[in-house]
Amino acid sequence: MNWITKFIKPKIKALFSKKSQDNKDNLWTTCECKNLIYKEDLQSNLNCCPKCGAHHKLTCAERFEIFFDNKEFEIIETPLPKDDPLNFVDSKKYTDRLKAARKKTNQDDAVSIATGKLQNTQVTVGAQDFRFIGGSFGAASGEAFIHGVQHAIENKTPFIFFSCSGGQRMMESSIALMQMTRTVLAVNELKKHNLPYIVVLTNPTTGGVTASWAMLGDILIAEPKAVVGFAGRRVIQDTVRETLPEEFQTAEYVRDHGGLDLVVERKYLRSSIGTLLSVLLKKAETQANTDAANVVTLDKSLQRSSKAL
Ligand SMILES: [Zn+2]
């Protein structure tokens, strides 16, 4: 260690850390509309910009608080597999990244699962925290997702998931990719049990999650202007060598081209999903009750058609 690293560098570091600390305590924040917003105003408006309506990201706890009845919910503990099975190191050790993300989010992984009531219907809900390595989906996320599905099946509740992810976690390589198949199989189990599965795509939902569980909801809802896509805009543009429309990969564009069902503002999510569930649950109930009746009807219609022959 020379005199530069010993004396100059720590001082520079201290200067920057003080600045970032100040930012944290700041009462004001900015938005993409370049307006200065009072943080309290933003929080009281469900983290949507009061000036331009942009939907800012939420932590899992914030998401659960605004979604469940009376802000009451219970976090479900999910299994945590062994950290860093590949001893992955890029510019930093993966274990260090995990440590920092855990400290920042107060969660073991990007995915958190909770249960509670939505308009008096018991529901199981999952959410992703983007601050946890970009909401990336690894083995622990897969375990949490599957555990959530299992909880929904055991308690016969609908499963609702708020996606917010850049894709699979590259530090876990093929182990992260395997989660795509595992989660798809879990979703199939939900469908076998006639339980509604609703995905709310929030900004951003890209990469591996859109190629697996995030696009398999019975109903796909997105928050306004959320980026929804698989490969990034630049990759696609360079591949097809055409200029893409301005609104390409926004929730509204994907909806208009048949990729999802609804774009719903955050303030209406509770009421919209509540209404959808009341319809879906009734339908699931009727379907279970009429399954036997359908067999009889089918038999009769077969007899009729054979007589006609
Ligand atoms: Zn704004």
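How many helices and how many strands does the protein chain have? In this predicted model, the protein chain contains nine helices and nine strands.

**Figure 1. Overview of the predicted protein chain.** Of its 309 residues, 32% count as buried. Among contacts with a separation of 6 or more, 66% are accounted for by residues 24 or more positions apart.

**Figure 2. Pairing of strands β7, β8 and β9.** Strand β7, residues 197-205, pairs with strand β8, residues 219-222, in the parallel sense over four bridges. Within this pairing, Val-199 stands opposite Leu-220 of β8. Strand β8 is also joined to strand β9, residues 262-263, by two bridges, and β8 and β9 run parallel. Here Ala-222 has Val-263 of β9 as its bridge partner. In a regular strand, side chains alternate between the two faces of the sheet.

**Figure 3. The largest nonpolar core.** This core comprises 52 residues, of which Phe-64, Phe-159, Ile-160, Val-200, Leu-201 and Ala-222 touch the most other members. Helix α5, residues 139-154, gives the most to the core, with six residues.

**Figure 4. Surroundings of Phe-64.** With neighbours within four places in sequence left aside, Phe-64 is in contact with Phe-73, Ala-114, Val-125 and Ala-127.

**Figure 5. Helix α5 and its cover.** Helix α5 has 16 residues and reaches 22 Å from its first C-alpha to its last, close to the 22 Å expected at 1.5 Å a residue. Its buried residues are Ala-139, Ala-140, Ser-141, Gly-142, Ala-144, Phe-145, Gly-148, Val-149 and Ala-152. The elements covering these buried residues include strands β3 (73-76), β4 (111-118), β5 (121-128) and β6 (159-165), together with helix α6 (173-192). Lys-156, which follows α5, has a positive phi, near 50 degrees.

**Figure 6. Packing of helices α5 and α6.** The two helix axes come within 9 Å and cross at roughly 5 degrees. Because angles under 35 degrees count as roughly parallel, α5 and α6 are therefore roughly parallel to each other. On the α5 side, the contact is made by Ala-139, Ser-141, Gly-142, Phe-145, Ile-146, Val-149, Ala-152 and Ile-153. Helix α6 contributes Ile-175, Ala-176, Gln-179, Arg-182, Thr-183, Ala-186, Glu-189 and Leu-190 to this contact. Among the α5 residues in the contact, Phe-145 and Val-149 are also buried.

Definitions and conventions
Residues are numbered from 1 along each chain as its sequence is written. This is a predicted model: local features need pLDDT of at least 70, side-chain atom pairs count only at pLDDT 80 or more; totals for chains, interfaces and linings use all residues. Two strands pair if DSSP finds at least two bridges between them. A nonpolar core is a set of buried Ala, Val, Leu, Ile, Met, Phe, Trp, Tyr and Cys residues joined through C-beta atoms within 7 Å. A residue is buried if 20 or more other C-beta atoms lie within 10 Å of its own, exposed if 12 or fewer, and partly exposed in between; C-beta atoms are placed from the backbone. Two residues are in contact if their C-beta atoms, placed from the backbone, lie within 7 Å. The expected span of a helix is 1.5 Å times one less than its number of residues. Axes are lines fitted to C-alpha atoms, for helices over the stretch in contact, and angles run from 0 to 180 degrees between N-to-C directions. Angles under 35 degrees count as roughly parallel, over 145 as roughly antiparallel, 65 to 115 as roughly perpendicular and the rest as oblique.
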